[in-house]
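The following paragraphs lead the reader through one protein model, residue by residue and then element by element. Please keep the sequence and the coordinates in view while reading.

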Amino acid sequence: TKVRRVAGGRRMAAKEGINVFCSFDKRGLTRSRTSCPTPPAELQVAADPAGVGSSPIWLGVPDTGCTSSLASSSFIKNINAKIDRSAKVNLRGADRSVIPTEGMATVYMRAVSTGQGGRQPPVKMVDLVVVPRLAAPVMVSHADQSRLGFLSSVWPKFDEELIKDDTSTI
């Protein structure tokens with residue numbers, strides 16, 4: 001089956017169903033034993049755009065191996081977001097096990113940043129696949145990491161000229 005990007009596709013999920021793959025198992029734990037733990041991303045998340053500024057800071061786990069961002073149902077309830085239970089999502093973990101889902105939720109988030117000259121990063125709408133349990137409140141997909149600005153939009157590709165310039169000073 002064809003894997004489709006979920007961001008912005010909640011209506012498609014309700015009609016056709018979507019397939020999502022992530023790099024963790026059904027307990028919400030990362031499967032790789034050889035990699036170091038990924039540092040969490042500080043996020044402000046709310047059910048509506050106006051609430052993002054007053055949102056507490058949540059720690060989300062960046063997961064570049066996941067095709068959609070995920071959230072636990074308890075986190076979605078905590079921020080008073082609505083779960084669209086009509087969305088049909090087939091979620092598989094790194095071990096190819098089926099992970100139960102409860103639907104999808106649309107939230108608004110931004111990455112907390114101190115490196116933008118005092119300006120806050122923009123608020124983005126993000127569709128989350130809701131799961132019963134997760135090791136973190138939110139796991140942020142590769143695409144959403146780029147949209148939120150805490151991962152380069154060209155990752156994992158690099159500009160070879162830039163790399164040559166950087167290594168020539170070592």
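Val61 is a residue of strand β3, where strands (E, at least two residues) and helices (H or I, at least four residues) are DSSP runs numbered from the N terminus. With a relative accessible area of 23%, Val61 is partly exposed; the scale calls a residue buried under 20% relative accessible area, exposed over 50% and partly exposed in between, with a 1.4 Å probe and protein chains only. Setting aside residues up to four places away in sequence, Val61 touches Ala136, Val138, Met139 and Val140, a contact being heavy atoms within 4.5 Å. The C-alpha atoms of Val61 and Ala135 are separated by 8.9 Å, although these residues stand 74 residues apart along the chain.

The model is predicted: local features need pLDDT of at least 70 and side-chain atom pairs count only at pLDDT 80 or more, while totals for chains, interfaces and linings use all residues. Residues are numbered from 1 along each chain as its sequence is written, and side-chain values use heavy atoms, with hydrogens and water left out.

β3 and strand β9 (residues 138-141) pair in the parallel sense over four bridges; two strands count as paired if DSSP finds at least two bridges between them.

Six strands close into a barrel in the order β2-β3-β9-β4-β8-β7, with mixed pairing. From one strand to the next the twist averages 45 degrees, where axes are lines fitted to C-alpha atoms, for helices over the stretch in contact, and angles run from 0 to 180 degrees between N-to-C directions. In the protein as a whole, the secondary structure comes to four helices and nine strands. Read from the N terminus on, the elements follow the order α-β-β-β-β-α-β-β-β-β-β-α-α.

Which aromatic residues pair, and in what geometry? A search of the whole structure finds one aromatic pair. The ring centres of Trp58 and Phe75 are 4.8 Å apart and their planes stand at 85 degrees, so the pair is edge-to-face. By the criterion used, rings of Phe, Tyr and Trp (its six-membered ring) pair if their centres lie within 6.5 Å, and planes under 30 degrees apart count as stacked, over 60 as edge-to-face and the rest as tilted. Because Trp58 lies in strand β3 (residues 57-63) and Phe75 in helix α2 (residues 73-78), the pair ties together parts that are 17 residues apart in sequence. Trp58 is buried, with a relative accessible area of 17%, and Phe75 is buried as well, at 3%.

Ser72 is found in strand β4 (residues 70-72). Ser72 is buried, with a relative accessible area of 6%. Its side chain forms a polar contact of 3.3 Å with that of Ser74; such a contact is a pair of N or O atoms within 3.5 Å, and within protein one must be able to donate a hydrogen and the other to accept it, while residues adjacent in sequence count only if both atoms are side-chain atoms. Beyond four places in sequence, Ser72 is in contact with Val130, Val131, Pro132, Leu134 and Pro137.

The loop between α2 and β5 (89-92) contains Asn80, and Arg85 lies in the loop between α2 and β5 too. Asn80 is exposed, with a relative accessible area of 60%, and Arg85 is exposed at 54%. Leaving aside neighbours within four places in sequence, Arg85 is in contact with Glu102 and Gly103. Most residues other than glycine have a negative phi. The phi of Asn80, however, is positive, near 60 degrees. A positive phi, near 70 degrees, also occurs at Arg96, in the loop between β5 and β6 (98-99).

Of the 170 residues in the protein, 41% are buried. Among contacts between residues at least 6 apart in sequence, 66% join residues at least 24 apart.
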